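Reader: I've got a fold to go through and would like to talk it over. Could you take me around it?

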Amino acid sequence: MGLSDAVPGRGISKEELSGLVENLKKGASQLDEVMRTQLPEIFTALIDERDRFMASSLAQAEGDVIVAVVGKSHMRGIAQYLTDTEGFEVIPCAVKY
């Protein structure tokens with residue numbers, strides 16, 4: 001089954017949808033790695049610069065506990081920046097759906 005089959009009204013099961021979501025997650029992780037290693041300029045422009053901006057914004061937030069919801073492609077970079085540069089403790093949480 002491909003994404004073109006996941007059209008409302010066509011009757012996709014929860015299991016089929018779950019499989020599609022897992023394939024998309026794997027594909028996103030693979031794309032991140034390809035960009036990081038083979039297209040570093042694109043990775044820097046699309047992911048790394050945004051990670052630094054979001055991490056900087058989080059570092060300036062007030063409060064003892066800060067919670068952020070970010071896309072999977074940004075989790076690693078934001079966490080690394082916050083721990084290495086800002087001295088934060090990062091507790092990642094990936095929600096399973």
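Reader: Let's start with His74: which residues is His74 in contact with, leaving aside its neighbours within four places in sequence?

Author: Keep in mind that this is a predicted model. His74 has its place in helix H3. Leaving aside neighbours within four places in sequence, the residues in contact with His74 are Leu46, Ile47, Arg50, Asp51 and Met54.

Reader: Is His74 buried or exposed?

Author: The cut-off for buried is under 20% relative accessible area. His74 comes in at 15% relative accessibility, so His74 counts as buried.

Reader: And what distance goes with the polar contact between the side chains of His74 and Asp51?

Author: Asp51 is already on the list of residues in contact with His74. Their side chains are also joined by a polar contact, and its length is 2.4 Å.

Reader: How far apart in space are Ile47 and Gly77, C-alpha to C-alpha?

Author: In sequence, 30 residues separate Ile47 and Gly77. In space, C-alpha to C-alpha, the two are apart by 8.1 Å.

Reader: Gly77 makes me think of the second largest pocket. Which residues lie nearest the centre of the second largest pocket?

Author: That pocket holds about 320 Å³ of space. Its lining takes in 17 residues. Nearest its centre lie Arg36, Asp51, Arg76, Gly77 and Gln80.

Reader: Which helix gives the most to the lining of the second largest pocket?

Author: Helix H1 (14-38), helix H2 (40-60) and helix H3 (72-86) each supply at least two residues of that lining. The one that gives the most, with nine residues, is H3.

Reader: By class, how many residues in the lining of the second largest pocket are charged?

Author: Going by class, four of the lining residues are nonpolar and five are polar. The charged ones number eight.

Reader: On to the inside, then. Which residues make up the largest nonpolar core?

Author: This core has six residues in all, and they are Met54, Ala55, Leu58, Ile78, Tyr81 and Leu82. At least two residues of this core come from each of two helices, namely H2 and H3.

Reader: What about Phe88: which residues does Phe88 touch beyond four places in sequence?

Author: Phe88 is found in the segment after H3. At 29% relative accessibility, Phe88 counts as partly exposed, because that value falls between the 20% and 50% cut-offs. Not counting residues up to four places away in sequence, Phe88 touches Leu58, Ala59, Ile66, Leu82 and Thr83.

Reader: Stepping back, in what order do the elements of the protein run from the N terminus on?

Author: The secondary structure comes to three helices and zero strands. From the N terminus on, the elements run α-α-α.

Reader: Last one: what share of the 97 residues is buried?

Author: His74 and Ile47 are two residues that count as buried. Of the 97 residues in the protein, buried ones make up 16%.

Key
Residues numbered from 1 in each chain as written. Predicted model: local features only at pLDDT ≥ 70, side-chain atom pairs only at ≥ 80, totals over all residues. Heavy atoms only, no water. 1 Å grid on protein atoms, 1.4 Å probe; cavity = no way out; pocket = protein on both sides within 12 Å on 5 of 7 lines; lining within 4 Å. Points joined across faces, edges and corners; volume = space filled by probe spheres on them. Helix = DSSP H or I, 4+ residues; strand = E, 2+ residues; numbered from the N terminus. Nonpolar A, V, L, I, M, F, W, Y, C, P; charged D, E, K, R; others polar. Buried < 20%, exposed > 50% of the residue type's maximum accessible area, 1.4 Å probe, protein only. Polar contact = N/O pair within 3.5 Å; in protein donor to acceptor, adjacent residues only side chain to side chain. Contact = heavy atoms within 4.5 Å. Core = buried A, V, L, I, M, F, W, Y, C linked by side-chain atoms within 4.5 Å.
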